[in-house]
Amino acid sequence: MSAMIFGALGVVANVIIYQQKNGKNLLFYKLVSDILWMFHYLCLNAVSGAAIAAIGIIREAVFLNQNKKWAQGKGWLLLFLALSIISAAFTWKSVFSLLPAFGSVLSVFSFWKNKPALTRSLAFPISASMLTYDIFCGSYLGIANEIFTLGSAVVGVVRNKKTSNV
């Protein structure tokens, strides 16, 4: 039951993410989303997904502070890329354990750049990776989330393209 509650709230947070025009707001909703999904995956004993979400929580906390000197170094980028890759080794259950790490690597680049348009574009391969992982680990709300996320990203891309052309 707890997994369902965290997953349902995670779906709501993820739909909101891709509608943001401001990079800081996008990162804030991504932080909320990662907290919810970490607990969801922990409830399902899907440790690869939980580990990546935990890394994401730290990543967003740092990236939300990119205006501060301590958070501006490229060392953070390298650290989060390394943590994403290392997490796959430590949480290995099968080849599907690589999918959250792959999605995380793409997320690190997209959020590091702090460009919502890039984040919306990379949502497609990230969501495809997580959709496959969710099928593997039996996360029905994760599956629904990725479908909603893909739809939200499409709407966000179209809506923001229209407003930028006006």
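This is a predicted model: local features need pLDDT of at least 70, side-chain atom pairs count only at pLDDT 80 or more; totals for chains, interfaces and linings use all residues.

Colleague: OK, α2. What span should helix α2 have, and what does it have?
Modeller: Helix α2 covers residues 23–43, which is 21 residues. At 1.5 Å a residue it should span 30 Å. Its end C-alpha atoms are 30 Å apart, so the two agree.

Colleague: What happens at the start of α2?
Modeller: Asparagine 22 sits there with a side-chain oxygen within 2.7 Å of the backbone nitrogen of lysine 24.

Colleague: Which residues of α2 are buried?
Modeller: Among them are Leu26, Leu27, Lys30, Leu31, Asp34, Trp37, Met38 and Tyr41. Residues three or four places apart in an α-helix point the same way, because there are 3.6 residues a turn.

Colleague: And just after α2, which residue takes a positive phi?
Modeller: Asparagine 45, at about 60°. That is a positive value in a residue other than glycine.

Colleague: Is asparagine 45 buried or exposed?
Modeller: Exposed, because its relative accessibility is 51% and the cut-off is over 50%.

Colleague: Switching to α6. How far does helix α6 reach?
Modeller: Its 22 residues, 116–137, reach 29 Å from first C-alpha to last.

Colleague: Where is the kink in α6?
Modeller: At alanine 123, about 35°, shortly before proline 125. Alanine 123 is also one of the buried residues of α6. Others on that list include Leu122, Ile126, Met130 and Tyr133.

Colleague: What comes just after α6?
Modeller: Glycine 138, with a positive phi of about 75°.

Colleague: Now the surface. Which residues form the nonpolar patch?
Modeller: Trp92, Val95, Phe96, Leu98 and Phe136, with about 470 Å² of accessible area together. Tryptophan 92 lies in the loop between α4 (74–90) and α5 (98–113). Tryptophan 92 counts as partly exposed because its relative accessibility is 47%.

Colleague: What about serine 94: buried or exposed?
Modeller: Buried, at 18% relative accessible area. Serine 94 is also found in the loop between α4 and α5.

Methods:
Residues are numbered from 1 along each chain as its sequence is written. Side-chain values use heavy atoms; hydrogens and water are left out. Helices (H or I, at least four residues) and strands (E, at least two) are DSSP runs, numbered from the N terminus. The expected span of a helix is 1.5 Å times one less than its number of residues. Buried means under 20% relative accessible area, exposed over 50%, partly exposed in between (1.4 Å probe, protein chains only). A polar contact is a pair of N or O atoms within 3.5 Å; within protein, one must be able to donate a hydrogen and the other to accept it, and residues adjacent in sequence count only if both atoms are side-chain atoms. The bend at a residue is the angle between axes fitted to the seven residues ending there and the seven starting there. Patches are made of residues with over 30% relative accessible area and no salt bridge: like charges are joined within 9 Å, nonpolar side chains (Val, Leu, Ile, Met, Phe, Trp, Tyr) within 5 Å. Accessible areas come from the Shrake-Rupley method with a 1.4 Å probe; for residues, only the protein chains shown count as cover. A salt bridge is a side-chain nitrogen of Lys or Arg within 4 Å of a carboxyl oxygen of Asp or Glu.
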